[in-house]
Amino acid sequence: MTEAVQAHLNTLLARYPALIICRDDIQRAYEVLAACFENGGKLLIAGNGGSAADAEHIVGELMKGFVKPRRLPKGYTEALTAIDPALGKVLAEKLQGALPAIALDGHPALSTAYLNDCEPALCFAQQVNGFGKAGDVFLGISTSGNSKNVLYAAVTAKAKGMKVLGLTGAKESKLTPLCDVCVRVPETETYKIQELHLPVYHTLCLMVEEQFFGGS
């Protein structure tokens with residue numbers, strides 16, 4: 001981990017001292033994500049309610065520039081303009097580097113079809129089954145750590161050779177033993193857990209962005 005990446009974690013812990021007990025797990029979660037993206041993998045994220053909103057939020061920070069400009073590689077910009085000089089010029093100037101991530105709550109046609117035709121609790125698992133491959137990462141966000149649809153998705157991810165990350169509250173849960181890394185923030189009430197989830201995942205996004213686009 002570079003000093004620039006480490007600085008984001010240090011800033012988080014300075015601003016939220018309660019999260020110091022999560023330091024090692026946050027660092028390990030970063031390492032899992034960095035290895036995934038380095039090897040061409042993607043992140044699949046699932047949660048319910050506010051955690052579904054958090055899943056979408058994370059995708060928004062990873063799939064476009066967060067705090068870095070994320071300029072495209074020169075060879076790619078040249079390829080764009082070679083195909084169509086006018087359109088390619090706009091693309092080369094406006095597209096940003098992306099870290100591939102998919103929120104599994106965001107496919108209503110698929111989800112409602114599966115809910116209606118098959119088994120409602122497996123709606124996330126079906127998408128992990130379809131999207132996921134060995135080397136990818138599944139992030140399950142659950143304040144209780146016991147959301148059945150997230151648990152089914154985690155089991156599916158493990159079976160496909162994916163790494164599993166969890167983001168939960170302080171209590172032990174059924175999600176914890178399914179995770180390669182589970183960040184358990186030190187709160188037990190739902191809204192207080194969610195208040196700490198946001199700075200944790202913002203920091204993870206900052207750390208991976210620094211790793212892959214710090215020189216942009």
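**Briefing: an enclosed strand, its cavity and its salt bridges**

Arg-70 is found in the loop between α3 and α4 (74–83). Helices (H or I, at least four residues) and strands (E, at least two) are DSSP runs, numbered from the N terminus. This is a predicted model: local features need pLDDT of at least 70, side-chain atom pairs count only at pLDDT 80 or more, and totals for chains, interfaces and linings use all residues. Residues are numbered from 1 along each chain as its sequence is written, and side-chain values use heavy atoms, with hydrogens and water left out.

**Arg-70**

- Arg-70 is not a glycine, yet it has a positive phi of about 55°.
- Arg-70 is buried, with a relative accessible area of 0%.
- Buried means under 20% relative accessible area, exposed means over 50%, and partly exposed lies in between (1.4 Å probe, protein chains only).

**Strand β4 and its neighbours**

- Five of the six residues of β4 are buried, so the strand is largely enclosed by the rest of the structure.
- Strand β3 (residues 137–141) runs parallel to β4, and five bridges join them.
- Two strands pair if DSSP finds at least two bridges between them.
- Ile-141 has Leu-167 in β4 as its bridge partner.
- From β3 the chain crosses through helix α8 (residues 148–159) to β4, and this β-α-β crossover is right-handed.
- Right-handed means that, with the strands pointing away from the viewer, the path from the first strand over the helix to the second runs clockwise.
- β4 and β5 also run parallel, joined by four bridges.
- Cys-182 in β5 stands opposite Gly-166.

- Lys-163 is found in strand β4.
- Lys-163 counts as partly exposed, at 43% relative accessibility.
- Gln-96 and Lys-163 are 67 residues apart in sequence, and their C-alpha atoms are 26 Å apart in space.
- Lys-160 lies in the loop between α8 and β4.
- Lys-160 is partly exposed at 28% relative accessibility.
- Lys-160 and Lys-133 are 27 residues apart along the chain, with 6.0 Å between their C-alpha atoms.

**Salt bridges**

- A salt bridge is a side-chain nitrogen of Lys or Arg within 4 Å of a carboxyl oxygen of Asp or Glu.
- By this rule the count comes to eleven salt bridges.
- One of them joins the side chains of Lys-163 and Asp-180 (4.0 Å, N to O).
- That pair links distant parts of the chain, 17 residues apart: Lys-163 in strand β4 (residues 163–168) and Asp-180 in the loop between β4 and β5 (181–184).
- Asp-180 is partly exposed, at 24% relative accessibility.
- Glu-172 forms a salt bridge with Arg-184, with the closest N and O atoms 3.1 Å apart.
- Glu-172 lies in the loop between β4 and β5 and Arg-184 in strand β5, so this pair ties together parts that are twelve residues apart in sequence.
- Glu-172 is exposed, with a relative accessible area of 55%, whereas Arg-184 is partly exposed at 27%.
- Lys-192 and Glu-189 also meet through their side chains in a salt bridge (3.1 Å, N to O).
- Salt bridges that share partners join Lys-42, Lys-133 and Asp-136 into one network.
- Lys-192 is partly exposed at 28% relative accessibility, and Glu-189 is partly exposed with a relative accessible area of 40%.

**The cavity**

- On a 1 Å grid over the protein atoms alone, a cavity is a set of points where a 1.4 Å probe fits but cannot get out, and lining residues have an atom within 4 Å of a point.
- Grid points are joined across faces, edges and corners, and a volume is the space filled by probe spheres set on the points.
- The count comes to one cavity of 30 Å³ or more.
- The largest cavity holds about 140 Å³ of space.
- Its lining has 17 residues, and Leu-33, Leu-139, Leu-165, Tyr-201 and Leu-204 lie nearest the centre of the largest cavity.
- Two or more lining residues come from each of α2 (23–38), α3 (50–62), β4, β5 and α9 (190–213).
- α9 gives the largest share of this lining, five residues.
- The lining of the largest cavity divides into 16 nonpolar residues, one polar and no charged.
- Ala, Val, Leu, Ile, Met, Phe, Trp, Tyr, Cys and Pro count as nonpolar, Asp, Glu, Lys and Arg as charged, and the others, Gly among them, as polar.

Definitions and conventions:
1 Å grid on protein atoms, 1.4 Å probe; cavity = no way out; pocket = protein on both sides within 12 Å on 5 of 7 lines; lining within 4 Å.
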